[in-house]
Amino acid sequence: MIQALTRALCLLAAVTTTTLPAMADQVRRAQTLVALETRALSRTQSSHLKSLVTPIPASAIMGAGRIRYDRAWLTTQPIARGGAEWECLAEALYFEARGETVKGLFAVAEVIMNRVSSPRFPSSVCGVVNQGTGRKYACQFTYTCDGHPENIHEPASWARVGKVAKVMLSGAPRPLTKGATYYHTNAVRPKWSSAFTRTASIGDHLFYHNPR
């Protein structure tokens, strides 16, 4: 890329030297800077260059093993914002589990992320959350097909679930539900629950994965 830039600068210098002396001088200065940068890069170890373009893992950002599933820890996390995937996950947590403990929120988020990782389900958060939406009560997440509008009226709860969504999308570990891809509240007992393997009971929810 640097060689291509150098050739382009040389061509531009040839065209402009006779017509635009001032611009040609600027081009020569740019050529000098490119030469200096090329020399510096040639002396830099490849391992260092690789480190500059390699994403930092979530464990390094948050501290390996330092996620605490409590309100105090979550309060220390920055206000979260994000794109479509973050919004889909935050909405699912808000409408499905905003009354849960922090640990309960992370557990529900794990199920969604586990589905994204599973070939049995869509490969994106929004695809997982909206699977089956369009037919009343035939969707995977009831709030998306119950006929009620999804209005967010609790800013504090929204901020809370947004932080959880951000942490999970950053690649946080998923140790709570032991690979669960299903859950339901303690208030119901769906027929499928007897055929699946229960992996955890956290807050108001029971968690399961498909039979092996």
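## A guided look at a predicted fold

Modeller: Let's start with the contacts. In this protein, residues 24 or more positions apart account for 62% of the contacts with a separation of 6 or more. Keep in mind that this is a predicted model.

Biologist: How many of the residues count as buried?

Modeller: The protein has 212 residues, and 36% of them count as buried.

Biologist: And what do I look for in a core?

Modeller: The general idea is that nonpolar side chains tend to be buried together in soluble globular proteins. In this structure the largest nonpolar core holds 45 residues, and Leu89, Leu93, Phe106 and Phe207 touch the most other members. Helices H5 (71-75), H6 (84-97), H7 (102-117), H8 (125-129) and H9 each give two or more residues to this core, as do strands S1 (182-185), S2 (197-202) and S3 (205-209). H7 supplies the largest share, ten residues.

Biologist: Which residues does Phe207 contact, leaving aside its neighbours within four places in sequence?

Modeller: There's quite a list: Ala107, Val108, Val111, Thr177, Ala180, Tyr182, Tyr183, Thr197, Arg198, Thr199, Ala200 and Ile202.

Biologist: Now the strands. In which sense do S2 and S3 pair?

Modeller: To read a pairing, follow the bridges from strand to strand. S2 and S3 pair in the antiparallel sense, over five bridges. For one of the residues involved, Arg198, the bridge partner in S3 is Tyr208. The two strands form a hairpin with two residues between them, and in the turn Gly203 has a positive phi of about 60 degrees.

Biologist: His205 is in strand S3. Is His205 buried or exposed?

Modeller: His205 counts as buried because its relative accessibility is 3%, and the cut-off for buried is under 20%. Its side chain makes a polar contact with the side chain of Glu100, at 2.9 Å. Leaving aside neighbours within four places in sequence, the residues in contact with His205 include Glu96, Ala97, Glu100, Tyr183 and His184.

Biologist: What about a lysine? Where is Lys163 found?

Modeller: Lys163 sits in helix H9, which covers residues 155-169. Lys163 counts as buried because its relative accessibility is 11%. Its side chain reaches the backbone oxygen of Thr75 at 3.5 Å.

Biologist: Which residues does Lys163 touch, not counting those up to four places away in sequence?

Modeller: Lys163 touches Leu74, Thr75, Gln77, Pro78, Ile79 and Ala80. Take Pro78: Lys163 and Pro78 are 85 residues apart in sequence, but their C-alpha atoms are 7.3 Å apart in space.

Biologist: Last one: how do I read a pocket?

Modeller: Rolling a probe the size of a water molecule over the atoms shows where empty space is left. In this model, the largest pocket has about 430 Å³ of space. It is lined by 20 residues, and the closest to its centre are Glu96, Gln140, Phe141, Thr142 and Tyr183. The elements giving two or more residues to that lining are H6, H7 and S1.

Biologist: Which element gives the most to the lining of the largest pocket?

Modeller: That's S1, with four residues.

Definitions and conventions
Residues are numbered from 1 along each chain as its sequence is written. This is a predicted model: local features need pLDDT of at least 70, side-chain atom pairs count only at pLDDT 80 or more; totals for chains, interfaces and linings use all residues. Side-chain values use heavy atoms; hydrogens and water are left out. Buried means under 20% relative accessible area, exposed over 50%, partly exposed in between (1.4 Å probe, protein chains only). Contact means heavy atoms within 4.5 Å. A polar contact is a pair of N or O atoms within 3.5 Å; within protein, one must be able to donate a hydrogen and the other to accept it, and residues adjacent in sequence count only if both atoms are side-chain atoms. A nonpolar core is a set of buried Ala, Val, Leu, Ile, Met, Phe, Trp, Tyr and Cys residues joined through side-chain atoms within 4.5 Å. Two strands pair if DSSP finds at least two bridges between them. On a 1 Å grid over the protein atoms alone, a cavity is a set of points where a 1.4 Å probe fits but cannot get out, and a pocket is an open set with protein on both sides within 12 Å along at least five of seven lines; lining residues have an atom within 4 Å of a point. Grid points are joined across faces, edges and corners, and a volume is the space filled by probe spheres set on the points.
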